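Please keep the sequence and the model open while reading.

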Amino acid sequence: MWYHRLSHLHSRLQDLLKGGVIYPALPQPNFKSLLPLAVHWHHTASKSLTCAWQQHEDHFELKYANTVMRFDYVWLRDHCRSASCYNSKTHQRSLDTASVDLCIKPKTIRLDETTLFFTWPDGHVTKYDLNWLVKNSYEGQKQKVIQPRILWNAEIYQQAQVPSVDCQSFLETNEGLKKFLQNFLLYGIAFVENVPPTQEHTEKLAERISLIRETIYGRMWYFTSDFSRGDTAYTKLALDRHTDTTYFQEPCGIQVFHCLKHEGTGGRTLLVDGFYAAEQVLFIDNWRVLHGRECFTGYRQLCGCYLTRDDVLNTARLLGLQA
């Protein structure tokens, strides 16, 4: 509408200037030049997938594999995989990130089949496979299937009837280990059954999935009720729901419990029944699940340890799980 109004004003001005004296006609203004330039999509067919892209002022937009992705130019330059910028043997960057201009823009962009080529102001050429961009884009990362988690209580867990994994299968087969880790990632706790009640077997079990973390309590801890320790954990008193080592700069990620001997009554854990009745080792995600116990009488021996969270999750990823 404003374009037509300006055209009308221009005509009126021409009429006013006519009055016996011939004035040169004013040039018709190019009002369209005042409008923002349209950004055009570049379309091409890449094998069986259609690819389209736009070059914006501060970022690059790509449509491919049913995903719309946006990349900052500085990110694209910094992630160049050319021989001078990236060591393909060590998978580490050779380019000095600080040397990249934060306002960098490509001079030209072209697509050849499934490869995008960016030519930068200094003449350097970066090339990216379209599938690599999908995999490493923010939008592509969001589409990854993450191992599901279940929010549960005692009733939900009991109804789920999550099976324990046999000790031998856990130690000797990847199938048994993967089944255990699937349960652990799903619920934050998991059991290994038929484990001989010794500290050595507990340690062997723990080392199957992670390095054992050394703490102020030692590498493997082993204890019975001992009121002289001045710690409720070492008594027969009830221990309310809690997580361990919250006073550490980095609280321990995974905790391993094994009841070696239990004579008496009570002491049921607040997690599940049957822990003391069977030769089971319990693994707990200490960043997710609270644990505790009721008071008990009699004699009890426990052993356990802490595991490094990164190692446990890495073991899961090696077995093909999204952790």
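Which residue in β9 is the bridge partner of T115? The partner is D129. The model is predicted, so local features need pLDDT of at least 70 and side-chain atom pairs count only at pLDDT 80 or more, while totals for chains, interfaces and linings use all residues. Residues are numbered from 1 along each chain as its sequence is written, and side-chain values use heavy atoms, with hydrogens and water left out.

**The sheet β7-β8-β9**

- Three strands form an open sheet in the order β7-β8-β9, with antiparallel pairing; helices (H or I, at least four residues) and strands (E, at least two) are DSSP runs, numbered from the N terminus.
- Because β7 and β9 stand at the edges with a single partner strand each, one side of each has no neighbour in the sheet.
- From one strand to the next, the twist averages 20°; axes are lines fitted to C-alpha atoms, for helices over the stretch in contact, and angles run from 0 to 180 degrees between N-to-C directions.
- Strand β7 (residues 108-112) runs antiparallel to strand β8 (residues 115-119) and is joined to it by five bridges; two strands pair if DSSP finds at least two bridges between them.
- T108 has T119 of β8 opposite it.
- The hairpin of β7 and β8 has two residues between the strands, and E113 takes a positive phi near 60° there.
- Five bridges also connect β8 with strand β9 (residues 125-129), in the antiparallel sense, and F117 faces K127 of β9 as its opposite residue.
- Five residues lie between β8 and β9 in their hairpin, and G123 in that turn has a positive phi of about 95°.

**Nonpolar cores**

- The largest nonpolar core has 27 residues, of which F170, F180, F283 and L307 touch the most other members; such a core is a set of buried Ala, Val, Leu, Ile, Met, Phe, Trp, Tyr and Cys residues joined through side-chain atoms within 4.5 Å.
- Elements that each supply at least two residues of this core include α6 (167-172), α7 (174-187), β11 (189-193), β16 (280-285) and β18 (299-307).
- The largest share, five residues, comes from α7.
- F180 touches V165, F170, A190, F191, V192, I209 and F283, not counting residues up to four places away in sequence; contact means heavy atoms within 4.5 Å.
- A second, separate core of 22 residues includes F60, F71, L95 and F118.
- In soluble globular proteins, nonpolar side chains tend to be buried together.

**Strand β18 and its partners**

- Eight of the nine residues of β18 are buried, where buried means under 20% relative accessible area, exposed over 50% and partly exposed in between (1.4 Å probe, protein chains only).
- Strand β12 (residues 212-213) pairs with β18 in the antiparallel sense over two bridges, and I212 has L307 as its bridge partner in β18.
- Strand β13 (residues 221-223) is also antiparallel to β18, with three bridges, and W221 stands opposite G304.

**Helix α9**

- V312, L313, T315 and A316 are the buried residues of α9.
- These residues are on the same side of α9 because they cover an arc of only 155° around the axis; the arc is that of the directions from the helix axis to the C-beta atoms.
- D310 and L318 are exposed on the other side of α9.
- G320 follows α9 and has a positive phi, near 90°.

**Cysteines**

- The whole structure was searched and zero disulfides were found; a disulfide is a pair of cysteine sulfur atoms within 2.5 Å.
- C259 is in no disulfide, and the nearest cysteine sulfur, that of C303, is 9.1 Å away.
- C259 is buried, with a relative accessible area of 9%.
- For C303, also in no disulfide, the nearest cysteine sulfur is that of C305, at 7.9 Å.
- C303 counts as buried, at 0% relative accessibility.

- T67 lies in strand β4 (residues 67-72) and is buried at a relative accessible area of 4%.
- Beyond residues up to four places away in sequence, T67 touches L62, E139, G140 and Q143.
- H59 is in strand β3 (residues 59-64) and counts as buried at 18% relative accessibility.
- H59 is in contact with Q54, R70, F71, D72 and Y73, leaving aside its neighbours within four places in sequence.
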